[in-house]
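Please look over the structure shown here and follow the report below, which begins with a single position and then widens to the chains and the way they meet.

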Amino acid sequence: MPNVQSLRCKECGRDFPQEPIYVCDFCFGPLEVNYDYDAIVKNISRESIQDGPLTIWRYDELLPASRDNAVNIGAGMTPLLRADNLGKELGLNNLWIKNDAANPTHSFKDRVVSVASTKAVEFDFDTIACASTGNLAGATAAHGSKAGMNTMVFIPANLERGKVLGAAVFGSVVLVNGNYDDVNRLCSELGDDRRWAFVNINMRPYYSEGSKSIGYEIAEQLGWRAPEHVIVPVASGSLFTKVYKGLNEFAQLGIIDSANTKMHIAQPFGCSPVATAFVEGQSHPKPVVPDTIAKSLAIGSPADGYYSVGIANKTGGSGTVVPENEIAEGMKLLAETEGIFTETAGGVVISTLHRLAREGMIGPDEETVALITGTGLKTLEAIEMAVETRTIEPTIRSFDEVVMGAALQ
Amino acid sequence: MPFRRVKFTMNTELIQSPVIYELGHKFEIVTNIRRAEIDADSGWVILELEGALDEIERGLTWVTEQGCDVSSLEGDILAG
């Protein structure tokens, strides 16, 4: 059941009613859901969680909506997999992969949109909307369909056909003639102009809470404890801050003993305002124009960048800028060792993990979780040049010559 | 009157210039600073701009031409 007291400004602490608003009228700070933890602690336990559904909604005591009315297509409870093969490559003996590509539309965005769409129905919106170049489009379109809402998914017209079709199959994709900035500006204006539930604008305080479920699941799947390290790919920074919040809420409520997890920022060279701010000792990331193959991390002006830098510093974490040419290598390494085909953001995470292990930031026996946020099937172009195939004639001789001959060499 | 909420991020050279003052004088825009942090090297300012929408657009184009980064309060909306 929802245990929400208010929306609270993260800057000035003023409270606001639960409405589709996202910014403080007084200081323009971001609003966040404020829970009644005294009530929650009386109702939540490991057992009550385990009795819940195998989705994010098993944690609904700590979400801003009830499972009874949830727009639910099965987001969450994705596998936490022991990664011994990859660990051996990197010199890490206690490594786990949280594989969020196993969500219904193959990315962690199903978690946030499940919460946002549930609140949108609760607020009596008839239209749900987003602007996206990939994962968010599919998640919003799918949940909009499930909720029976009108759906408006805005996509730059020049996006790869596969990504457009992946969202369009659910209906209501709008292609916008223009670049990323044009789509951003249009959607910002539409957000002000139309009474729609824009998942990452006026629904943002609720939407972002869905990401906490990754922190809860990691703790539960490890046997009710927080890991020593988590590596998170950072775009807006929302996911990073909420994984941290999830782990710390569990500790605060006594679900786990403590949460002393070091939070590590992973960003690609072509869009690294948050990791760069961390490395340079700045608290506020400077906006950049994204130019990276990790499209799902291409947020040049990250709304939660400041808070992410703060958490990385506070927890003894780090910020890593991954060269663009190492992204596909990270994707390949994970695929070849663990059988998981990640999106480019996952390549950034694995390359970050590699660097942290090499530099001794993560000790060989320290429990570490690397977060894989989506599937590589949506970003095939990224690994086109990195993989090799062999072609043979349909004869055994050709097979022996080309395949076995190469194997013998 | 329409308004927009924006964030200006300024580099070392720009923090020495009265950009916000000039924005309010060159264009028919009322500027209202709500939160800011300025240090020796750089700074950011969150402010509300009130005026006709096309005048605000012209003003923001001018600010950008001065070398100031202008972003919406919610950051980039277009997500992966």
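## A buried serine in a loop

In this predicted model, A:Ser208 sits in the loop that runs between helix H8 (204-207) and helix H9 (212-221) of chain A, where helices (H or I, at least four residues) and strands (E, at least two) are DSSP runs numbered from the N terminus. A:Ser208 counts as buried because it has 28 C-beta neighbours inside 10 Å; a residue is called buried if 20 or more other C-beta atoms lie within 10 Å of its own, exposed if 12 or fewer, and partly exposed in between, with C-beta atoms placed from the backbone.

Leaving aside residues up to four places away in sequence, A:Ser208 touches A:Val112, A:Ser238 and A:Lys242, a contact meaning that the C-beta atoms of two residues, placed from the backbone, lie within 7 Å. A:Val115 is 93 residues from A:Ser208 along the chain, and the C-alpha atoms of the two are separated by 8.3 Å.

## How the model is read

Residues are numbered from 1 along each chain as its sequence is written, while chains are lettered from A and ligands numbered from 1 in the order in which they are written. Because the model is predicted, local features need pLDDT of at least 70 and side-chain atom pairs count only at pLDDT 80 or more, whereas totals for chains, interfaces and linings use all residues.

## Chain A as a whole

Chain A contains 15 helices and 13 strands. Its radius of gyration is 21 Å, close to the 22 Å that the globule rule gives for 409 residues, so chain A is as compact as a globular protein of that length; the radius is taken over C-alpha atoms, and the rule is 2.2 Å times the number of residues to the power 0.38. Along the principal axes, the C-alpha atoms of chain A fill a box of roughly 75 × 50 × 45 Å.

Of the 409 residues of chain A, 56% count as buried. Among the contacts in chain A with a separation of 6 or more, 68% are made by residues 24 or more positions apart.

## Two domains in chain A

The domain assignment, whose bounds come from an automatic or database source, divides chain A into domain 1 (80-106 + 207-383) and domain 2 (109-206). The centres of domain 1 and domain 2 of chain A, taken over C-alpha atoms, are separated by 24 Å. Their contact takes 15 residues from domain 1 of chain A and 21 residues from domain 2 of chain A.

On the side of domain 1 of chain A that touches domain 2 of chain A, the residues divide into 3 nonpolar, 8 polar and 4 charged. In this scheme Ala, Val, Leu, Ile, Met, Phe, Trp, Tyr, Cys and Pro count as nonpolar, Asp, Glu, Lys and Arg as charged, and the others, Gly among them, as polar.

## A sheet of three strands in chain A

An open sheet of 3 strands in chain A has the order E2-E1-E3, with antiparallel pairing, where two strands pair if DSSP finds at least two bridges between them. Strand E2 (15-16) and E3 of chain A stand at the edges with a single partner strand each, so one side of each is left without a neighbour in the sheet.

Strand E1 (residues 4-9) of chain A is joined to E3(A) by 5 bridges, and A:Val4 has A:Tyr35 as its bridge partner in E3(A). E1(A) is also joined to E2(A), by 2 bridges, and there the bridge partner of A:Arg8 is A:Asp15. In strand E3 (residues 31-35) of chain A, 4 of the 5 residues are buried, so this strand is largely enclosed by the rest of the structure.

In chain B, 4 strands form an open antiparallel sheet in the order E2-E3-E1-E4. E2(B) and E3(B) pair over 8 bridges, with B:Asn32 opposite B:Glu48 in E3(B), and a hairpin joins the two strands through 4 residues. Of the 9 residues of E2(B), the number buried is 0, so E2(B) lies largely in the open.

The two chains meet through 19 residues of chain B and 31 residues of chain A. Strand E1 (3-10), strand E2 (30-38), strand E3 (43-50) and strand E4 (69-72) of chain B each supply at least two residues of the side that touches chain A, and that side of chain B has 6 nonpolar, 6 polar and 7 charged residues.
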